[in-house]
Amino acid sequence: MQDAVSQPAPDTQWSVFVLRNPAGRCFVGHTDNLDAFLASADASVAQWTGQPGPWPLIWKHVGLSEMNARKYEISLKKDRNTPQFYKRLGIEPPARE
């Protein structure tokens, strides 16, 4: 009988998240260190968007593998400017002025 080869634990440290600035623009992303990413989102103009902030976290899903996080992020980005986007996340769209 052969010894079972132990497999490493699956990479489940990735998060998919949505940030929204005061103008109602959403940023969808994924990361393996959400706290560090959020710390950089407090800049007056976030380098990764070029848009004024702040960018508070409005939704997150944690515990994914990197590949699943990327797939989830892409699927959310495809829906971003549709009512389906907000329905999937269970959040309200920004108020229209």
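In which helix is the place of Glu73? Glu73 sits in helix α2, which covers residues 66-79. This is a predicted model. Its sheet is open and has three strands, in the order β2-β1-β3, with antiparallel pairing. The largest pocket has a volume of about 300 Å³.

**The sheet**

- Three strands make up an open sheet, ordered β2-β1-β3, and the pairing is antiparallel.
- Strands β2 and β3 are the edge strands, each pairing on one side only.
- From one strand to the next, the twist averages 10°.
- Strands of a sheet pair through backbone hydrogen bonds, in either the parallel or the antiparallel sense.

- Strand β1 spans residues 14-20 and is mostly covered, with seven of its seven residues buried.
- In a regular strand, side chains alternate between the two faces of the sheet.
- With strand β3 (residues 57-64), β1 pairs in the antiparallel sense over six bridges.
- With strand β2 (residues 26-31), β1 also pairs in the antiparallel sense, and this pairing runs over six bridges.
- Val18 stands opposite Trp59 in β3 and opposite Val28 in β2.
- Phe17 has Gly29 in β2 as its bridge partner.
- The hairpin of β1 and β2 has five residues between the strands, and Gly24 in this hairpin takes a positive phi near 90°.

- Is Glu73 buried or exposed? Glu73 counts as buried because its relative accessible area is 10%, and the cut-off for buried is under 20%.
- Leaving aside residues up to four places away in sequence, Glu73 touches Val16, Val28, Gly29 and His30.

**The largest pocket**

- How many residues line the largest pocket? The lining consists of 14 residues.
- Gly24, Arg25, Cys26, Arg80 and Asn81 lie nearest the centre of the pocket.
- The lining residues divide into seven nonpolar, four polar and three charged.
- Gly24, which lies among the residues nearest the pocket centre, is also the hairpin residue with the positive phi.
- Rolling a probe the size of a water molecule over the atoms shows where empty space is left.

Terms used
Residues numbered from 1 in each chain as written. Predicted model: local features only at pLDDT ≥ 70, side-chain atom pairs only at ≥ 80, totals over all residues. Heavy atoms only, no water. 1 Å grid on protein atoms, 1.4 Å probe; cavity = no way out; pocket = protein on both sides within 12 Å on 5 of 7 lines; lining within 4 Å. Points joined across faces, edges and corners; volume = space filled by probe spheres on them. Nonpolar A, V, L, I, M, F, W, Y, C, P; charged D, E, K, R; others polar. Helix = DSSP H or I, 4+ residues; strand = E, 2+ residues; numbered from the N terminus. Buried < 20%, exposed > 50% of the residue type's maximum accessible area, 1.4 Å probe, protein only. Contact = heavy atoms within 4.5 Å. Pairing = 2+ DSSP bridges. Axes fitted to C-alpha atoms, helices over the stretch in contact; angles between N-to-C directions.
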